Amino acid sequence: MKYDYLIVGAGLFGATIAHEALKKGKTVLVIDERGHIGGNVYTENVDGINVHVYGAHIFHTSSDKVWDYVNGFATFNGFINSPKADYHGERYDLPFNMNTFVKMWNDVTTPDQAKAKIASQTMGYTPENAKNLEEKAISLVGTDIYEKLIKGYTEKQWDRSCDKLPPFIIERLPLRFTFDNNYFNAKYQGIPVGGYTKMVENMLCGADVQLNISYNDVRGKVDFGKLIYTGTIDGYFGYSLGKLEYRTLRFETARLETNDFQGNAVVNYTDRETPFTRIIEHKHFEFGKQPFTIVTREYPEEYSFGKQPYYPVNDKKNADLYMKYRALADRERDVFFGGRLGSYGYFDMDKTIENALDLAGKIL
Ligand SMILES: Cc1cc2nc3c(=O)[nH]c(=O)nc-3n(C[C@H](O)[C@H](O)[C@H](O)COP(=O)(O)OP(=O)(O)OC[C@H]3O[C@@H](n4cnc5c(N)ncnc54)[C@H](O)[C@@H]3O)c2cc1C
């Protein structure tokens with residue numbers, strides 16, 4: 001059989017294109033080298049708790065178009081992300097807001113006092129004159145917030161001291177001078193009831209889906225009209241120009257026989273000594289009432305080839321190499337690259353879907 005579309009990758013990008021193609025009456029084969037659909041948004045149901053296997057995923061968007069689109073495949077539960085920070089046992093609210101400031105400083109209760117306190121701690125650094133990440137962060141939030149909530153966390157993420165990291169890694173550090181713990185500024189937010197896997201399953205309804213199959217397994221063996229490729233762009237070209245670099249994470253998941261481990265979905269550990277950066281307690285994403293719980297510790301790790309490529313490295317060397325692959329990609333006929341790996345970029349879920357809808361609008 002000849003398919004109109006071969007889609008490599010059953011993540012959100014591939015699933016969106018698949019759905020749009022099916023709507024137009026096209027035939028679609030979706031393959032994925034993993035043993036499940038959903039890509040990094042995959043959730044696994046363990047005795048009623050949907051575990052976010054590749055890290056906490058909270059859907060948020062300000063786009064009416066994307067929100068209407070995802071609501072066609074799932075009902076969202078109104079979850080609001082309000083993570084906490086733990087610094088050597090001291091608990092702070094995130095994002096940095098009046099609740100954080102009042103806890104941090106005994107003599108601060110008003111927005112003006114908080115602003116004055118931060119301004120008094122910038123040590124003469126400005127975002128423009130900062131020579132490294134440490135100076136940039138201090139210029140934006142002052143020394144106390146930097147020392148307790150940014151330094152250790154960032155050093156664990158990058159495995160390098162903040163005074164050795166370039167300032168551009170942080171663009172800005174949002175400060176909110178109201179008592180508002182909602183992490184995202186988005187118009188809409190939530191978690192799909194029943195998990196992301198169910199949502200992606202609904203998106204893929206009508207497509208042929210084959211799992212545990214990589215593109216190299218079917219290359220030259222499947223007959224198709226157009227190819228949508230959401231794997232790594234350097235991988236598609238056999239790494240002929242060199243390998244793009246990523247940052248990666250390791251997840252350690254445990255089931256605990258207690259009904260509530262930490263009282264919140266996400267707690268960030270911001271000191272340098274605790275080896276993980278956060279603990280996720282999955283049941284809280286869906287207000288679970290089970291007598292047990294499942295928690296995941298997230299450890300940033302050095303990337304080496306073969307590990308999960310989670311985040312692209314935002315530096316000139318990798319951007320230049322990506323542009324060279326992009327030039328090769330532009331010369332391919334009837335092959336379209338997309339998604340986070342095909343575009344070597346970090347995209348939130350809403351942006352991933354929006355990008356896929358844009359591509360579908362152009363090629364279908
Ligand atoms: C730790 C973490 C937390 C995140 N949290 C959030 C959040 O809270 N909110 C939010 O909006 N976004 C979040 N995101 C972003 C979100 O994960 C992405 O927007 C989304 O997963 C991108 O979908 P995709 O289809 O581009 O890629 P993927 O989900 O990676 O899908 C690509 C698929 O292609 C498959 N594949 C690759 N190469 C091949 C090949 N050669 N052959 C066959 N199959 C192949 C892969 O196995 C994968 O399943 C987070 C990302 C990470 C890493």
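These entries record what I looked up in a predicted model.

**Domains.** I began with the domain assignment of the chain. Domain 1 is made up of the segments 2-58, 68-75, 190-243 and 313-363, and domain 2 covers 95-169. I then noted the distance between the centres of domain 1 and domain 2, which is 37 Å over C-alpha atoms.

**Ligand shell.** I next asked how many residues surround the ligand. The shell holds 35 residues, and the closest are G9, G11, G39, G231 and G339. Sorted by class, the shell around the ligand comprises 16 nonpolar, 13 polar and 6 charged residues. I also looked up which elements contribute to this shell: α1 (12-23), β2 (28-32), α10 (339-342) and α11 (349-363) supply at least two residues each.

**Helix α1.** I checked its length: at 1.5 Å a residue, the 12 residues of α1 should span 16 Å, and the end C-alpha atoms are 16 Å apart, which agrees. After α1 comes G25, with a positive phi near 85°.

**Burial of α1.** Is α1 largely enclosed or largely open? I found that 10 of its 12 residues are buried, so α1 is largely enclosed by the rest of the structure. I listed the buried residues of α1 as L12, F13, G14, A15, T16, I17, A18, H19, E20 and A21. I then looked up what covers these residues of α1, and the cover includes β1 (2-8), β2, α6 (196-203), β10 (223-229), α10 and α11.

Methods:
Residues numbered from 1 in each chain as written. Predicted model: local features only at pLDDT ≥ 70, side-chain atom pairs only at ≥ 80, totals over all residues. Near = placed C-beta within 6 Å. Helix = DSSP H or I, 4+ residues; strand = E, 2+ residues; numbered from the N terminus. Nonpolar A, V, L, I, M, F, W, Y, C, P; charged D, E, K, R; others polar. Expected span 1.5 Å × (residues − 1). Buried ≥ 20, exposed ≤ 12 C-beta atoms within 10 Å, placed from the backbone. Contact = placed C-beta atoms within 7 Å. Domains from an automatic or database assignment.
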